[in-house]
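User: I would like to go through the labels attached to this structure. Take them one at a time, and set each value against its cut-off.
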Amino acid sequence: MSDPTTQPTMLPFFNQSMELVQLPNPTATRIRSRTGFSPTLGELLKHVEDAQNDNPNAPTQHVLDLNSTPNSSHPFVLSFANLTYSVKVRRKMILSPCFTSNHDLLPENDATDAKTDNAATKILLNDISGEARDGEIMAVLGASGSGKSTLIDALADRISKESLKGSITLNGDVLESRMLKVISAYVMQDDLLFPMLTVEETLMFSAEFRLPRSLSRSKKKARVHALIDQLGLRNAATTVIGDEGHRGVSGGERRRVSIGIDIIHDPIVLFLDEPTSGLDSTSAFMVVKVLQRIAQSGSIVIMSIHQPSYRILGLLDRLIFLSHGQTVFSGSPASLPPFFSEFGHPIPENENRTEFALDLIRELEEAPGGTKGLVDFNKQWQLKNKRISEKTISGIPKVSLKDAISASISRGKLVSGAPAGTSTSNDSNQLAAASSVHKFANPLWIEMAVIAKRSLTNSRRMPELFGIRLGAVLVTGAILATMFYHLDNSPKGVQERLGFFAFAMSTTFYTCAEAIPVFLQERYIFMRETAYNAYRRSSYVLAHSIISVPSLVFLSFAFAATTFWAVGLAGGTSGFLFYFLTIVASFWAGSSFVTFLSGVVSHVMLGFTVVVAILAYFLLFSGFFISRDRIPPYWIWFHYISLVKYPYEGVLQNEFDLNPPRCFVRGTQMFDSTPLMEVPEALKVELLKSMSKTLGINITSSTCVITGADVLKQQGVTQLSKWNCLWITLAWGFFFRFLFYLTLLFGSKNRRR
């Protein structure tokens, strides 16, 4: 291989046959000739900026500043030794032999099982060791269930330290969780993206999250454009991502976008879980080609891959083959033929080396002795090659983690944590390195603004979602308005008002159930972004709470205006205002409650079932079906936590507690709900006279018997004022938003136990 310092630096380009080729880049060549190493995107961006400003001697106090320190003098080495991870699995219920075959009684053979009385210990990783270096791609290979993804999760700190045994170091220093989050990125196997954002918008929002506020928007945009070129996405930059209902970019382009959003800040370590899964050979090759360029910019790239093609194999630098959680080969692709030749299974000349190795491993797994012989042979092979490698690298000076990270930041990497003038002169290497980067790139209010803007942009391109909800509210309001049109002040009118208010208040909560899929669809995007400190969980909760208010106010006004005057509710303008505010508070409390439940449950249908059931209980204990005085003592607590209770009692007081009081039952109307209702009117008048003599009170046909205050007493609405009911309803909304924050804080760690 020729010296890379003498070759012109290339930029990605696709020829007419859609193969990835390289074109010379004069700017990068000048950088290479001056510094002697492959430039990062940060350096290219810095020089583009200088050229645009026509300032060849630009000052060096930029965030994306660079020094002339060669990358080769500040290498990164990620080492892991003796990684072991096991989980407890429940043993299958053993049925009678007449219901199951002997095969069904055997334990699974994916890993070594240590049986206990109630559970079995399944070893997913068994004494795995190795190392990865910057400028190289390390690929983890193996059949399904071999432990590829588990090893990637272990290295990426996605397994709790209590469960994972062994050590992981970077340049000899133990890699702490806080440090790893700042300097690394993790690309999941699934492409978790917002469907209605374009490629450029998706990367730009990622830049807003991960790049610091000190970097101007024009520089962030230049960074995004440089990344689009590096990922080969220029032709798809203005195309939406798409989903099942909207046509968007191709599968390979989606995968490259997924990689791009996690490398926007130019991380030092990049983990990928099967980035080529589900892609055709050409798309898979282009994805790995992009990863090679990322590695050559000074990053450590560690990926799992199922079965690489011959072309992809040529891009990989280190391989680790796993079988049932054990290492059966670790080395470069070039060492595969001599390794298997010495093992007694030489690789044929014209056969794909990885395919041969995987097929042989599968055959050994099915053999009686398993892969134990291959595992033992690999240990001997590693001991022999370890002596050779130690002699080779003995002349390379060791670099502390502090110096290596400081050099990378000065060259433009770790853009999110590179404020100018940051000092790293602490005693402890790792503490010093950690002090040079921030946990979050931006303050709380900027994160909230970006989250809100992204959510509104995605929602604005799917107006049918809000339209359906508005239509449901208007249809419900129209039905109620026509069903309860102009209620009168009679005993029947009282009962009809009670029924209207109970149904109207409960409807506001039921229409909030549509919020369940919102977070469930974003759950894994949220977990991916917060796992590596793209933004705070509190920013997410506050932003989504704020942007939900305008739509709730609009829906509340539509419902209130549709029903208030049509039903004939009392109170005039002030009565309408309180009625409107109560509906807003109900929508707010209902939306917050449903949002909280969406953070607890993990499935849409389960969420709908739970929401509908709990809201039914709230309505049952609201005081409409049975008054508070009649509720059994052992259920009275549910009455006070019912979300429907407080808005229901508030609108009842708004309707019946007026000054001057309204009369709802006069004279003979007191007989309307009794068997005497069919008695002639003249006889009812005589009954009133008889009652007057007995009671000593003059009761005529026009005498008011029941006022609005009496109706409230009959319903047990006497403890709280209507304004207190409004404040309590609003407080419920804030309370459930806080509970939602706690579920995100403690329930979205995205770590294996």
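Analyst: Start with arginine 247, which is exposed, with a relative accessible area of 82%. The model is predicted: local features need pLDDT of at least 70, side-chain atom pairs count only at pLDDT 80 or more, and totals for chains, interfaces and linings use all residues. Residues are numbered from 1 along each chain as its sequence is written, and side-chain values use heavy atoms, with hydrogens and water left out.

User: Why is arginine 247 called exposed?
Analyst: Exposed means over 50% relative accessible area, buried means under 20%, and partly exposed lies in between (1.4 Å probe, protein chains only). Arginine 247 has 82%, so it counts as exposed.

User: Where is arginine 247, and what is it in contact with?
Analyst: Arginine 247 is in the loop between α7 (217-231) and α8. Helices (H or I, at least four residues) and strands (E, at least two) are DSSP runs, numbered from the N terminus. Contact means heavy atoms within 4.5 Å. Leaving aside neighbours within four places in sequence, arginine 247 is in contact with Val240 and Gly242. Its C-alpha atom is separated by 9.8 Å from that of methionine 196, 51 residues apart along the chain.

User: What makes arginine 454 buried or exposed?
Analyst: Its relative accessibility is 6%, so arginine 454 counts as buried. Arginine 454 is in helix α16 (residues 444-460). Beyond neighbours within four places in sequence, its contacts are Phe194, Leu197, Phe205, Phe209, Glu529 and Tyr535.

User: What marks out the phi of aspartate 157 and of aspartate 266?
Analyst: Most residues other than glycine have a negative phi, and most peptide bonds are trans. Aspartate 157 has a positive phi, near 65°. Aspartate 266 also has a positive phi, of about 60°, although it is not a glycine. Aspartate 157 lies in the loop between α4 (148-155) and β7 (164-170). Aspartate 266 is in the loop between α8 (251-262) and β10 (269-273).

User: Why do aspartate 157 and aspartate 266 count as buried?
Analyst: Aspartate 157 is at 12% relative accessibility, so it counts as buried. Aspartate 266, at 6%, therefore counts as buried too.

User: Which peptide bond is cis?
Analyst: The one joining asparagine 659 and proline 660, where omega is about 0°. Proline 660 lies in the loop between α24 and β14 (663-666).

User: How do you know whether α18 is parallel or oblique to α24?
Analyst: Helix α18 (residues 491-510) and helix α24 (residues 645-656) pack at an angle of about 140°, with axes 9 Å apart. That value makes α18 oblique to α24. Angles under 35 degrees count as roughly parallel, over 145 as roughly antiparallel, 65 to 115 as roughly perpendicular and the rest as oblique. Axes are lines fitted to C-alpha atoms, for helices over the stretch in contact, and angles run from 0 to 180 degrees between N-to-C directions.

User: Which residues meet there?
Analyst: From α18, they include Val494, Leu498 and Phe501. From α24, they include Pro647, Tyr648 and Val651.

User: What makes a set of residues a nonpolar core?
Analyst: The members are buried Ala, Val, Leu, Ile, Met, Phe, Trp, Tyr and Cys residues joined through side-chain atoms within 4.5 Å. The largest such core has 123 residues; Leu78, Leu83, Leu155, Phe271, Ile302, Phe500 and Tyr579 touch the most other members. Helix α21 (residues 572-600) gives the largest share, 12 residues.
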